[in-house]
Amino acid sequence: MIAPPPVERVLFTEEQVSARIREVAQEISVKYAGRELKLIAVLKGAVFFLTELARAIEIPVKIDFLAISSFRGSAPGMVRIAKDLDDPIQDEDVLLVEDIVDTGFTTRFLLQTLSGRAPHSIGICTLLDRTVRRIVQVPVDFRCFEIPDRFVVGCGLDYKQFYRNLGYIAVLNPDEIE
Ligand code: IMP
Ligand code: MG
């Protein structure tokens, strides 16, 4: 017997997630109609969302990735780029694709860093938005779901690197969290 994932409840099923991603992809296709878009995802959490989103967008898209790491024991939001983009973004329409915007520190750092590279425009698209925990304000242009103040896993979001591959989004059983 394979044990089921230790989740307390499912917030959004695989079908709901896919349907909502297709809706948001449509919004993006309309907003950027007649243009080309570069989707930038932060490794590793946003990769699952980016691939599904990209497949449903109907305008030409390029993709690129970066990775960040936080300084241990430092203040929140103190992050640095651990793996940079492969290509410049100058004069491009860029959409930063996030798994979740929580406090907003990570997103603000990325926005500031990427804005400094002179893109034509830069927007934010997130799978999950937890506005109740926001500390710094960031302009979210596209969001799939607003979520409550509970730790969630699935669709790219992890707990200790596990559960990213769940097709649904679920609240992790609190007994699991150390
Ligand atoms: P922020 O800088 O506080 O907005 O944090 C964003 C990052 O924290 C995300 O990219 C996730 O890696 C992580 N994170 C925040 N909330 C959750 C959650 O509920 N589950 C899994 N990871 C989370
Ligand atoms: Mg994580």
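Me: Which residues lie nearest the centre of the largest pocket, and how many residues line it?

Reply: In this predicted model, the largest pocket is lined by 34 residues, and Ile 68, Asp 99, Ile 100, Thr 106 and Asp 158 lie nearest its centre. The elements that give two or more residues to this lining are β2 (37-43), β3 (61-70), β5 and α3, where helices (H or I, at least four residues) and strands (E, at least two) are DSSP runs numbered from the N terminus. Residues are numbered from 1 along each chain as its sequence is written, while chains are lettered from A and ligands numbered from 1 in the order in which they are written. Local features need pLDDT of at least 70 and side-chain atom pairs count only at pLDDT 80 or more, whereas totals for chains, interfaces and linings use all residues, and side-chain values use heavy atoms, with hydrogens and water left out.

Me: How is a pocket defined, and what volume does the largest pocket have?

Reply: Rolling a probe the size of a water molecule over the atoms shows where empty space is left. On a 1 Å grid over the protein atoms alone, a pocket is an open set of points where a 1.4 Å probe fits, with protein on both sides within 12 Å along at least five of seven lines, and lining residues have an atom within 4 Å of a point. Grid points are joined across faces, edges and corners, and a volume is the space filled by probe spheres set on the points. Here the largest pocket has a volume of about 1100 Å³, and its lining divides into 14 nonpolar, 9 polar and 11 charged residues (Ala, Val, Leu, Ile, Met, Phe, Trp, Tyr, Cys and Pro count as nonpolar, Asp, Glu, Lys and Arg as charged, and the others, Gly among them, as polar).

Me: Which residues are the closest to the centre of the second largest pocket?

Reply: The second largest pocket holds about 170 Å³ of space, and of the 13 residues that line it, Phe 48, Glu 52, Cys 155, Leu 166 and Gly 167 are the closest to its centre. Both α1 (14-31) and α2 (47-56) supply at least two residues of that lining, with the largest share, 4 residues, coming from α1.

Me: Is Thr 107 buried or exposed, and with which residues is it in contact?

Reply: Thr 107, found in helix α3, is buried because its relative accessible area is 2%, and buried means under 20%, exposed over 50% and partly exposed in between (1.4 Å probe, protein chains only). Leaving aside neighbours within four places in sequence, Thr 107 is in contact (heavy atoms within 4.5 Å) with Leu 96, Glu 98, Val 101, Ile 124 and Val 138. The C-alpha atoms of Thr 107 and Ile 124 are separated by 8.4 Å.

Me: How many salt bridges are there, and which residues are linked in a network?

Reply: Side chains of opposite charge can pair when their charged atoms come close. A salt bridge is a side-chain nitrogen of Lys or Arg within 4 Å of a carboxyl oxygen of Asp or Glu, and by this rule the count comes to 16. Asp 102 and Arg 130 meet in one of them at 2.6 Å, N to O, and this pair links distant parts of the chain, from the loop between β5 (93-101) and α3 (105-115) to the loop between β6 (121-129) and β7 (142-146). Asp 102, Arg 130, Arg 133 and Asp 149 are linked in a network of salt bridges.

Me: Which side chains meet Asp 129 in salt bridges?

Reply: Asp 129 meets Arg 134 at 2.7 Å, N to O, and also Arg 143 at 2.7 Å, N to O. Arg 143 lies in strand β7 and Asp 129 in strand β6, 14 residues apart. Asp 129 counts as buried because its relative accessibility is 0%, whereas Arg 143, at 34%, counts as partly exposed.
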